[in-house]
Amino acid sequence: MSAESTKSGPPLKTSHPITFLIIGGGIAGLSTALALRRVGHYVLVLERKSRDVARGHGGVRLPPNLTKILFHWGLKPALMQRALVTHTMLFMRYESGEDLGEHVWDKGMLKETRGIYMLCTHDDLYGLLYEAAVSSGAQIRYDANVVSINSEEREVTLQSGEKINADVLVGADGEFGLSRSTVIGQDGFGTPTGLAMYDTIISSEHVTKHANASTWKDHGIFTAFGSGRAIVAYPVHGTDDLAMQFYGPDDNEGQYGDEPSVDMPEVTAQLCDHFQPLMKLARKAVRVSIRDHSDLDEWISDDGPLVLIGEAAHPFPPGTIQATAMAVEDGAVLARVFSHLSEDRQIDSFLYAFQELRQPRTRSVRAGEFGNIFFMTLEDGEDARQRDDSMRAMAAKGTNVLEGLGGDVSRLWDEIRTIFGYDCEDEADDWWVQWGMLRERALERNNVDAGQMPATPLLDFSSLMSSVQVTETAQEE
């Protein structure tokens, strides 16, 4: 059995549809719902907030490894209407406004990734995924607060007292959600880094006189390096607005979903005078504390089929390039693996296959994103001076400034290829061909010889699973 090409064509459909209950209706939950419906499974999403609140605000960068998934799912036309294509990054000093140069992504290099680097807002991306998920047949319930998860019984209880069962429970309710604490057995709040991300929007009518006209036309991403501070800003809403993420000292705890409460001039006092007027015109910002969480050894409950995805499994620093991309990749891989489901007995082993496919990828990318934040916010000193001097020197030569930081062009391309060029659905297909299919054939041979299911599979790709015990599937929602 072979899966379809990730470039075009309908997805492989499961021969054994089951019910998935997704706890959390954010980007991770919606993308997973859509992906699972595409391969034929039944899906119910429970979101504790209202739809308007869950949509979120602020900007989001969509790297090629994310956009290629949406293209595979037939969403390219809709995405092109809501997002902007970008190729350029511009760098400056936060305190002085000094220009440090620019970096223009080579279009040929990006083409090899089979995706596009794009810019949009969280609510635009959310709307696209919501419409596609509902059109595919996913059920989505808002104001449905899950207060208890019983993974052994494959059941959740809502605040209203309603109980809902499914064959598989998917925890997509974030780093502070009930799903994560259920799997690890305790609340896991992570370690404060002392930094927070402040997320806001500025109307472009106030921005254009401060930005280079050609750069604004090219949808450039502005990055300002400061001592313990940084700003990332880029156009959204068809250049009608500017999304801005400010990284600076965390003087109070905050998280996504909080009401915008921070006046930007209060936290950007050290920004150069040229841009100070913009801060007064910015909307109130949402403060999101940046916390470092230990990697989880297990994303799957010991008690039953509850699996974590997105921020619930691997919390990323807020506002980073790959935070949203990793959540969408999770949904794509989970669905791709479960497209091969033919019997209930495979559920547990498929969940472990998903975990083994995703953990190395997310751990590596997450470490790199933390490194990027600390790179942008280096305190004044020798490291910051070397960074800035290298960029000035490359800019003086008329060369892309990031190439001087990474050694040589070939090394830079290796990093782009590894992260941007990664195709998560191809990786899931490779797992099926190399391990999943072989395991199923081994089990079939064993069944013929012994007349029963072996206690231990002949080819067990999951070192974390010593035995599999599956109860009868619960009723469909």
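Modeller: A definition comes first: rings of Phe, Tyr and Trp, the last by its six-membered ring, pair if their centres lie within 6.5 Å. Please also keep in mind that this is a predicted model.

Biologist: How many aromatic pairs does the structure hold, and what is the geometry of Phe 225 and Phe 375?
Modeller: The structure holds 14 aromatic pairs. In the pair of Phe 225 and Phe 375 the centres are 5.7 Å apart, with 80° between the planes. Planes over 60 degrees apart count as edge-to-face. The pair of Phe 225 and Phe 375 is therefore edge-to-face.

Biologist: How many residues apart in sequence are the parts that Phe 225 and Phe 375 tie together, and is Phe 375 buried or partly exposed?
Modeller: Phe 225 belongs to strand β14 (residues 221-225) and Phe 375 to helix α12, so the pair ties together parts 150 residues apart in sequence. Phe 225 has 1% relative accessibility and counts as buried. Phe 375, at 28%, counts as partly exposed.

Biologist: Which element gives the largest share of the largest nonpolar core?
Modeller: That core has 89 residues, and those touching the most other members are Leu 21, Leu 46, Trp 73, Leu 129, Val 156, Val 337 and Phe 338. The largest share is 11 residues, and it comes from α11.

Biologist: Which residues does Trp 73 touch, leaving out those up to four places away in sequence?
Modeller: Trp 73 is one of the core residues that touch the most other members. With residues up to four places away not counted, Trp 73 touches Ser 31, Leu 34, Ala 35, Arg 38, Val 328, Ala 332 and Glu 425.

Biologist: Why is helix α3 described as largely enclosed?
Modeller: Buried means under 20% relative accessible area. The buried residues of α3 include Lys 68 and His 72, as well as Leu 66 and Phe 71. Helix α3 (residues 64-72) is largely enclosed by the rest of the structure because the buried residues number nine of the nine.

Biologist: Which residue with a positive phi follows α3?
Modeller: The phi in question is near 80°. The residue is Gly 74.

Biologist: What is the bridge partner of Val 156 in β11?
Modeller: Strand β10 (residues 155-158) runs antiparallel to β11, and three bridges join the two. The partner of Val 156 is Ile 164.

Biologist: How many salt bridges are there, and which residue forms one with Asp 426?
Modeller: The count comes to 22 salt bridges, with a side-chain nitrogen of Lys or Arg within 4 Å of a carboxyl oxygen of Asp or Glu. For Asp 426, the closest N and O atoms are 3.2 Å apart, and the partner is Arg 114.

Biologist: How many residues apart are Asp 426 and Arg 114?
Modeller: Asp 426 sits in helix α15 (residues 424-450), while Arg 114 is in the loop between α5 (107-112) and β7 (118-121). Asp 426 counts as partly exposed at 27% relative accessibility, and Arg 114 likewise at 30%. The pair links distant parts of the chain, and the separation is 312 residues.

Biologist: Are Asp 330 and Arg 358 buried or exposed?
Modeller: Asp 330 and Arg 358 form a salt bridge, with the closest N and O atoms 2.7 Å apart. The pair links helix α11 (residues 323-338) to helix α12, 28 residues apart. Both Asp 330 and Arg 358 are buried.

Notes. Residues numbered from 1 in each chain as written. Predicted model: local features only at pLDDT ≥ 70, side-chain atom pairs only at ≥ 80, totals over all residues. Heavy atoms only, no water. Buried < 20%, exposed > 50% of the residue type's maximum accessible area, 1.4 Å probe, protein only. Helix = DSSP H or I, 4+ residues; strand = E, 2+ residues; numbered from the N terminus. Pairing = 2+ DSSP bridges. Core = buried A, V, L, I, M, F, W, Y, C linked by side-chain atoms within 4.5 Å. Contact = heavy atoms within 4.5 Å. Phe/Tyr/Trp six-rings, centres within 6.5 Å; stacked < 30°, edge-to-face > 60°.
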